[in-house]
Amino acid sequence: MKFGKQLALRKAVPQWSEHYIVSSALTRGWGCDPVLNTVLIESIGLQEVETGLTLLVVGSRWDVNEVAQYIKQQSIKLASSTYDPDLASKIVDEFRDLLSYELEKVDDRFHDVEADSEEELDDLNATWHNAMTEEEQKQWRNKLQGRINLIEELIEFTQANVTGFHKILKKFDKHFRQQSSGVPAKAVASGPTHDALMSTANSPPARSGSISFSVGNDSIKRTNSPPGMGSYQAQQPIHLAQRRYSMGPEGKDMWRMVMKFKFSTTEKDEMLLSRARELWRRHAPPAPSATLPINDMQDLSISESNIQTYSELDLNSVPYGRVTKIWITLIEDSLKPLQVPVLIARGVRPGPVVGMTSALHGNEVNGVRVIHRLFQTELDPEQLHGTVVAVPVANVQGFLASQRGFDGQDLNRLMPGKLDGSTPQQYAYALLDRIVRKFDYLIDLHTASKGRVNSLYVRANMLDPRTRRMATLQNPQIIVHNTSPDGSLRGSAMTIHDIPSITVEIGNPGVFQKRFVKSALLGVTNIMSNLGMIPEDHSVPEYEPVICDRSYWIFCQKGGILSVIPEVNTWVRKDEVIATIHSIFGQLLDEIRAPEDGIVVGKEVDPVASSGSRIVHLGVTRGEYAKKVEDGHL
């Protein structure tokens, strides 16, 4: 998936979009010059063309026939034209100018935000005083929170652009064979004419041309070899622009040119973020007085047998500075009520309410372990700002039967449910109304369905800055832009109650996967850190998540024995075979090919397939976010 498209998706925040690197501006000229392309193509070698390989030429994927036809046309031009002896040098100089412009643009934005942030933090620090009214303190904290968010966006902006410059220079170096030895280089390559390309391997070409390129004097010249020389022979692969790029008296190369700009080397943005968070912690809302509300829930024992039952979540009656366990009744049946377990960690200081739900599909259990580990090892209610509420099992009936649904229906397609509907509809209504609507943020934990496997990925509305930030912090392998389908818990929480919500898909069903649980747990604590609930700074993963602006399932056209070839979180190319279907007697019935380039988000592992069975969940990038997209849920 092209980095340019990934970069385009990171420009969705309007106030940042015009300041990002424009990768197309830096690469647009690489494939436009016919003579340069001829030299590059001839440097690859006739053997690859004759064997029918697909060639990567100046950033474009060419078919062998297209390459042959292109060389034919350019060879005709080559035989009758002369060209600028400083061609390669001009291309490098133009690239350097464009690179300088893009670097200055990014650095200017970095400097502006950095300077504004430092000034505002100084101002906030100077204006705080304990005599401020409650409303003034609220405004002060809102201003500081806004600045923290802006600095975090600056860090993301900086990292994305540094990665972008690195990739573009790597690509430039790949195509132009940049050398930093400082030693003048010479390269000579013999090249075929179109007659050589169109002839069979055993037939000698009518004539053979050669191109010599000397970097020492920046000259390119064409000569004719004697006729009847036979097939193509390369004395040495040609190296264009094989020169030392002097960026000043020290002779710095282009990457050193990037490193001269402040945004690429300074840690000032990280220091500003640390300072802003320290300011927040110092002037966070005060802890409540020692006289805490006395109520029945405060006397709960940690003994499982003493856990009390309530009809809805009432956070005002939950004690501060401790973890509370309760049951909440959702519906009544003829024998006993259906209740869900709820864990509540209420901090000693005010803050947001982050809610987590797991096992809404009863056999998807990785989220249960994430919640357990969060409450057992990560949360200290005496240091917590705000409240964490977790429902380890949201679908009790499905969980007990180790099944996805509730009475055969998918709860994640019945939201917001109905007060007077069927049993599953009433259950869905009560879950949303009695528990979820009390949240300020929702993280809904899932896994793949039975018979399938998933990567660690997040579904989120990337057009909403709140959920886009949550998705990035969640530490996934893949992020899929998805506005949520009708009937989902995430969609109902956002559209009905305006609760920022994301769905986290944590690997495979019916099994605990330690690696995915650990990564998902890190993501949850990142979100809490970002919201100022815990003192720890959020952790940056070692890899950048792949962002897909849409995803969809590929389905079988025939039934049979299905074998899916690519693994999850791997790339596939258009027309690559991704699955085969055999008959029960072993005969190959069908080969399924990728309709376009993409990444495997999830896949089917059940070998018994019918017409319409799922094959691969493919994530793709086309460069922009649609206002409504929900294909991956089908």
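A salt bridge is a side-chain nitrogen of Lys or Arg within 4 Å of a carboxyl oxygen of Asp or Glu. The exercises below apply this and related terms to a predicted model, in which local features need pLDDT of at least 70, side-chain atom pairs count only at pLDDT 80 or more, and totals for chains, interfaces and linings use all residues. Residues are numbered from 1 along each chain as its sequence is written, and side-chain values use heavy atoms, with hydrogens and water left out.

**Exercise 1.** Determine which helices are linked by the salt bridge of E156 and R469, and state whether R469 is buried or exposed.

*Solution.* 
Step 1. The side chains of E156 and R469 meet at 3.4 Å, N to O.
Step 2. E156 belongs to helix α8 and R469 to helix α16, and the two residues are 313 residues apart. Helices (H or I, at least four residues) are DSSP runs, numbered from the N terminus.
Step 3. Buried means under 20% relative accessible area, exposed over 50%, and partly exposed in between (1.4 Å probe, protein chains only).
Step 4. R469 is buried because its relative accessible area is 17%; E156, with 25%, is therefore partly exposed.

**Exercise 2.** Find the network to which E156 and R469 belong.

*Solution.* 
Step 1. A salt bridge also joins R277 and E152, with 2.7 Å between the closest N and O atoms.
Step 2. R277 lies in helix α12 (residues 268-282) and E152 in helix α8, 125 residues apart.
Step 3. R277 counts as buried because its relative accessibility is 6%; E152 is buried as well, with a relative accessible area of 2%.
Step 4. Through shared partners, salt bridges join E152, E156, R277 and R469 into one network.

**Exercise 3.** Describe helix α16 and the residues that flank it.

*Solution.* 
Step 1. The helix covers residues 465-473, and its buried residues include T467, R468 and R469.
Step 2. N475, which follows α16, has a positive phi, near 70°.

Notes
Polar contact = N/O pair within 3.5 Å; in protein donor to acceptor, adjacent residues only side chain to side chain.
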